[in-house]
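Hi,

Here is the structure I promised you. Have a look at it first, then read my notes below.

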Amino acid sequence: MTPSSIAVVLMVAAVVVVVTGGVLRLLRRRRFVSDVDRATYETLHSASLAARHLRSGLTPQAAERTTRQLRSMLGSRAVALSDSSGVLAWDGVGDHHRLDLPALAEPVLISGATVVLTDPDIVCSDPDCPIRSGVLAPVVADEHVVAVLAAYGPSVGAGLVRATEELAAWISTQVELAELDRQRTHLMEAELRALRAQISPHFIYNCLGAIASFVRTDPDRARELLLEFADFTRYAFRRGGAYTTLRDELRNIERYLVLEQARFGERLIVQLTIAPEVLPVAIPFLSVQPLVENAVRHGLASKQGVGHVTIHAVDLGTTAEITIEDDGVGGDPEVIRAVLAGESAEDGVGLGNVDARLRAAFGDQHGLVVETAPGAGTKVTFRVPKFAPGIHAEP
Amino acid sequence: MSSPAGIVAISLVCLVTVGIGAFGLRLSRTTSDFYVAGRSVTAGWNASAIGGEYLSAASFLGVAGLVYSLGVDMLWFPVGYTVGYLVLLVLVAAPLRRSGAYTLPDFAEARLESRFVRSLASGLVVGIGWLYLIPQFQGAGLALATVTGASPSLGNLVVALVVVANVVAGGMRSITLVQAVQYWIKLTAIAVPAFVLLAFWARQGGPAPAADLSRTWGQVLGGFGGREHPVYSTYSTILALCFGTMGLPHVLVRFYTNPDGRAARRTTLVVVGLLGVFYLFTPVYGVLGRIYLPTLPAAVRPDSVTLLLPQVVTPGTLGALLSAILAGGAFAAFLSTASGLTISVAGVIDQDLLAPRLHHRGGGDVSRIQTFRLAAIVAVVIPYAASLLTVNTSLADTVGLAFAVAASTFCPLLILGVWWRRLSVVGAAAGLVTGGTLALSATTITVLGRPGVTHSGWLSALLAQPAAWTMPIAFAVTILVSLATPSRIPPGTARTMVRLHAPEDTRSSGAAPS
């Protein structure tokens with residue numbers, strides 16, 4: 001066989017595999033046992049599309065995109081969403097009725113009761129216009145009517161009224177979910193602020209004590225240490241964005257380690273292996289610092305002799321892997337698991353907090369991985385993507 | 001034609017490359033002499049790394065082959081390869097770095113806030129990467145065949161296996177220092193034999209190419225190698241090379257290593273210098289080939305003229321040694337470019353296509369390394385299969401087509417993305433689809449079409465050098481569709497633009513520079 005014929009066979013095989021896979025998937029999706037199945041599928045599909053648009057709350061853009069799905073779910077001729085500021089979106093025929101809606105929706109917004117519109121409410125000079133009657137159902141979030149869902153048709157039956165009310169209730173849930181999302185973000189920000197204030201008071205006390213001990217014996221060293229301490233606090237108490245570069249975070253860890261070494265001297269040996277390619281990676285502000293502090297504490301505090309702390313940052317292509325390891329007393333894996341799961345309040349240096357912030361920023365597969373056992377040291381690893389949408393290191 | 005020295009040189013290059021990839025570079029220091037600021041990759045090293053990854057088999061062998069067979073007009077190729085970085089420097093280098101994007105799909109997502117445009121960009125990155133990998137495999141197969149006398153298809157297989165081994169063994173590493181050293185290896189491998197050969201040439205009184213040839217061959221701006229419609233072909237090629245560089249998958253990745261936008265610009269400037277020096281040497285082989293090798297042996301592609309030349313100029317040990325150096329250099333060129341491209345393509349396949357799906361199926365049991373390895377194999381197998389097809393175009397021409405596709409797709413996205421606030425999601429997607437479809441169809445027809453049917457007249461010129469019409473069309477479609485859909489301008493455009501254009505130190509509000 002000639003090389004070119006091998007190539008042709010290979011490429012044809014690849015194309016066949018891809019096409020067969022695609023066709024099988026399509027068939028699986030399209031093959032419904034009955035019309036009921038199909039209707040269920042289509043309704044759920046519309047609902048999931050609409051839910052995606054409502055993720056960010058009931059904004060005009062979201063309403064614009066949602067109404068089409070809402071109309072296909074209700075099967076009515078026109079669907080509109082309106083709030084106290086006016087009509088958010090209208091989908092379907094009879095756009096000229098749009099202007100009447102705010103006045104009609106007003107009582108629903110106030111009372112929160114469903115209203116059926118018939119002849120005197122809806123007048124139309126066009127004899128072909130199918131908009132002859134409608135239903136207005138309230139969208140309630142947090143015990144307030146935030147919007148009105150309107151469905152129109154030539155005639156309104158009890159079925160459409162029930163369906164519209166149910167759909168309005170479903171939108172209410174989605175809006176509340178969006179609100180919950182926003183609150184979770186706020187909570188994360190608040191937690192970050194809390195962590196910033198959490199720079200261990202013991203560390204500051206010990207630091208100043210160590211510096212004081214050098215003031216007489218080695219004034220130059222004391223001055224250097226004080227300057228390091230000043231830089232450390234400026235970074236730790238800064239009011240910048242929520243993210244920083246690994247470069248800045250490591251620079252601050254260096255200051256921290258210089259200060260710790262002033263205290264521990266030869267008892268603390270630190271090794272850093274940093275791939276320069278990962279220095280620009282954006283990470284949550286003060287996310288490595290607590291881990292290093294934890295390692296220094298566990299690597300030294302309750303241990304005789306010299307303690308080793310190793311910090312690695314490795315380039316893995318689209319992600320960077322950061323590892324902090326110590327050869328100290330280690331810990332009970334169950335305790336660490338409880339801390340990471342948020343079940344334990346004994347989160348001394350904020351391990352659980354760092355984990356939560358990493359997950360919030362980059363997704364659940366980017367949390368902390370802790371390997372430890374009593375007497376065997378501790379190794380904390382996490383991976384951050386080099387790029388994540390919306391996450392930028394602020395100086 | 002088999003030469004033991006050449007085999008040794010190639011094996012050595014393979015072993016060293018795979019070895020470094022597998023073990024990585026372990027540079028460890030203790031705190032006392034560790035300072036992060038001092039450990040940043042300097043512009044010089046980073047530029048060398050870009051050069052090391054960029055100078056491919058097409059540069060090492062192809063440029064000389066083109067000059068040899070088609071004349072001095074082909075010097076536009078090395079000029080274009082270099083000028084591409086000038087365009088990159090002036091238009092997009094610093095903003096791209098400031099965007100924080102690691103890959104081209106990242107930039108698309110950061111600027112347009114759309115998963116859909118990201119997927120489009122991912123598909124195009126894979127397409128361009130594969131198109132660029134095909135000539136790499138052919139070039140390396142050629143080098144292997146010339147040195148060992150084996151059939152070129154066996155050569156392709158060997159090199160495909162070496163690349164897979166290198167990328168898979170090295171995990172996902174692409175170490176700046178390793179690629180930087182590659183540049184200097186390549187420069188040495190091309191420069192030293194060139195000086196030796198030029199010395200021989202000068203000692204023989206500097207003979208000129210045979211008179212009957214020099215009429216068409218040496219004519220400057222004479223006919224783009226005797227092709228029809230030379231003016232169009234020349235301009236179209238220059239356009240593709242100038243604007244395609246910014247859209248190559250493995251270029252942006254290196255910009256990420258720069259600490260800030262200013263460093264990105266400095267790096268690009270050094271790249272232009274380094275590439276300029278390298279491309280001084282490649283045409284020498286084409287010209288000397290014209291003097292010493294007026295006719296090639298039967299069934300030998302002009303692309304191998306660089307490898308054959310030393311044996312003709314100085315038969316014996318010296319010639320064999322120089323040939324071995326050149327073969328080793330060509331192989332290093334091939335390996336670094338192919339590995340860089342494979343890592344980029346596999347990264348995109350892994351991140352955007354494979355990992356989400358496998359994660360979905362495997363319920364999270366599939367590790368990142370495993371999916372990346374799978375992606376690397378997919379990334380190599382397809383261009384390997386395509387490289388076995390009988391192809392009508394030379395190495396540098398196929399690379400030129402990859403540049404044309406990049407210029408018709410990512411160039412509008414990047415330039416308009418960086419400089420035009422009214423770019424809309426729909427406009428960007430329409431531009432990518434239009435430019436990609438047009439340029440890829442032209443490429444497919446040119447590379448796989450039957451000679452005689454598509455290789456004459458205006459049509460063939462338009463298809464062989466498509467950038468001059470596909471790129472303006474892509475720009476026009478992007479702009480017009482964007483203007484027609486002002487409601488789909490990403491909401492965060494103003495914020496993104498500030499981040500792209502404001503120098504880093506002006507954004508640090510209140511804090512003193514550290």
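In chain B, helix H7 (residues 104-112) and helix H8 (residues 115-148) have axes that come within 8 Å and cross at roughly 160 degrees. Helices here are DSSP runs of H or I with at least four residues, strands are runs of E with at least two, and both are numbered from the N terminus. Axes are lines fitted to C-alpha atoms, for helices over the stretch in contact, and angles run from 0 to 180 degrees between N-to-C directions. H7(B) and H8(B) are therefore roughly antiparallel to each other (under 35 degrees counts as roughly parallel, over 145 as roughly antiparallel, 65 to 115 as roughly perpendicular and the rest as oblique).

By the way, this is a predicted model: local features need pLDDT of at least 70 and side-chain atom pairs count only at pLDDT 80 or more, while totals for chains, interfaces and linings use all residues. Residues are numbered from 1 along each chain as its sequence is written, and chains are lettered from A and ligands numbered from 1 in the order in which they are written.

Who touches whom? On the H7(B) side there are B:Leu104, B:Pro105, B:Ala108, B:Glu109 and B:Leu112, and they meet B:Val117, B:Arg118, B:Ala121, B:Ser122 and B:Val125 in H8(B) (contact means C-beta atoms, placed from the backbone, within 7 Å). Sorted by class, that contact has seven nonpolar, one polar and two charged residues (Ala, Val, Leu, Ile, Met, Phe, Trp, Tyr, Cys and Pro count as nonpolar, Asp, Glu, Lys and Arg as charged, and the others, Gly among them, as polar).

H8(B) also packs with helix H4 (residues 57-70) of chain B, at an angle of about 70 degrees and with the axes 9 Å apart. That makes H4(B) roughly perpendicular to H8(B). From H4(B), the contact uses B:Ala57, B:Ala58, B:Leu61 and B:Gly62, and H8(B) brings residues including B:Pro135, B:Gln136 and B:Gly139. This contact has seven nonpolar, three polar and no charged residues.

Now over to chain A, where five strands form an open antiparallel sheet in the order E2-E1-E5-E4-E3 (strands pair if DSSP finds at least two bridges between them). Strands E2 (86-92) and E3 (115-117) of chain A stand at the edges with a single partner strand each, so one side of each has no neighbour in the sheet. The twist averages 20 degrees from one strand to the next. E3(A) pairs with strand E4 (residues 133-141) of chain A over three bridges, and A:Leu117 stands opposite A:Gly134 in E4(A).

Cheers

Methods
Two residues are in contact if their C-beta atoms, placed from the backbone, lie within 7 Å.
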